[in-house]
Amino acid sequence: MSRQLLLSAGRGPRECAWALFHLLRRLEGDATRQGVAVQRVDVVPGDRHGTYRSVLIRLSGVDVEAFAASWTGTLCWQAPSPYRTSAGRKNWYVTAQPPPSDAPPTTFDEADVDIVGCRTGGPGGQHRNKASTAVRATHRPSGLVVVVDDERQFSQNRRIALDLLRQRVERGDEAARHAVTTARWRIHDDLVRGDPTRVERPHPISTQGRLRRGRPAAE
């Protein structure tokens, strides 16, 4: 089982992109401890080294739903700004939300098209009306329907109808992909600052650790 999460710094300052970097590392560490695999699907870096504007990740594992829920919502990285030492603010917010699912492409197969001959009115001569050379084609998976009577031969109208259906299916897939992309970008604008789902902070450096690095500790 797998789940996706889109982590975004929204339109916040560069500290939010810095916070996203650290929150992602904290998430990955938490995932390792809980036996959840994390794959970075798409990464948009920030304007400074060690920062991310957004990251799309895929989570997989036995308890992935509970893990994803624990990291969904507004996340806060609580630490002083590394860029503005005079800034009093220490809370930097990131949003983590499941993204809209990718629209699966529609496979166009002529076997999925019902084609029947029909008569149409209008100019074109008596032969067209009497011989029923017009074509009504229905693409069953999408429900798209076209009627073609451009040519005097049924086979030619059939070919045109199939080409038209194929083009309309492709345009529909393109529109669906655009809609998913638009919905994902809305997540970047939906960042709510305050009332975070969870707050993470840098791990404190212990006094014992500082002593060991500065001089040998007394036995």
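What does the protein average in pLDDT, and what share of the residues score at least 70? I looked this up before anything else, since I am working from a predicted model: the average is 82, and 77% of the residues reach a score of at least 70.

**Entry 1, confidence along the chain.** I then went through the elements and found that helix α1 has the highest mean pLDDT, at 96, while helix α5 (residues 207-214) has the lowest, at 44. Over residues 206-219 the pLDDT stays under 50, and for this stretch I note that the model has four contacts beyond four places in sequence.

I listed five helices and nine strands, and reading along the sequence I wrote down the pattern β-α-β-β-α-β-β-β-α-β-β-α-β-α. Of the 219 residues, 32% count as buried, and the accessible surface comes to about 13,200 Å², with 49% of it belonging to carbon and sulfur atoms. I also checked the range of the contacts: among those between residues at least 6 apart in sequence, 64% join residues at least 24 apart.

**Entry 3, an open sheet.** I traced three strands that form an open sheet with antiparallel pairing, in the order β6-β7-β8. Because β6 (113-118) and β8 (144-148) stand at the edges and have a single partner strand each, one side of each is left without a neighbour in the sheet. Neighbouring strands here are turned against each other by 15° on average, with direction ignored. Looking at one pairing in detail, I counted five bridges between β7 (residues 134-139) and β8, in the antiparallel sense, and I noted that Ala137 has Val146 in β8 as its bridge partner.

Which parts of the protein does the salt bridge between Glu65 and Arg3 tie together? The closest N and O atoms of this pair are 2.6 Å apart; Glu65 lies in helix α2 (residues 64-70) and Arg3 in strand β1 (residues 2-8), so the pair ties together parts that are 62 residues apart in sequence. I record both residues as partly exposed, Glu65 with a relative accessible area of 42% and Arg3 with 35%.

I next looked at Asp47 and Arg14, whose side chains meet in a salt bridge at 3.9 Å, N to O, which I set beside the cut-off of within 4 Å. This pair also links distant parts of the chain, with Asp47 in the loop between β2 (37-45) and β3 (52-60) and Arg14 in helix α1 (residues 14-33), 33 residues apart. Asp47 is exposed, at 62% relative accessible area, whereas Arg14 counts as partly exposed at 34%.

Are the partners Arg26 and Glu200 buried or exposed? Their salt bridge has its closest N and O atoms 2.8 Å apart, and since Arg26 lies in helix α1 and Glu200 in strand β9 (residues 198-200), the pair ties together parts that are 174 residues apart in sequence. Both residues are buried. For the whole protein I noted a count of 11 salt bridges.

Notes
Residues are numbered from 1 along each chain as its sequence is written. This is a predicted model: local features need pLDDT of at least 70, side-chain atom pairs count only at pLDDT 80 or more; totals for chains, interfaces and linings use all residues. Side-chain values use heavy atoms; hydrogens and water are left out. Two strands pair if DSSP finds at least two bridges between them. Helices (H or I, at least four residues) and strands (E, at least two) are DSSP runs, numbered from the N terminus. Axes are lines fitted to C-alpha atoms, for helices over the stretch in contact, and angles run from 0 to 180 degrees between N-to-C directions. Buried means under 20% relative accessible area, exposed over 50%, partly exposed in between (1.4 Å probe, protein chains only). pLDDT is the predictor's confidence in each residue, from 0 to 100. Contact means heavy atoms within 4.5 Å. Accessible areas come from the Shrake-Rupley method with a 1.4 Å probe; for residues, only the protein chains shown count as cover.
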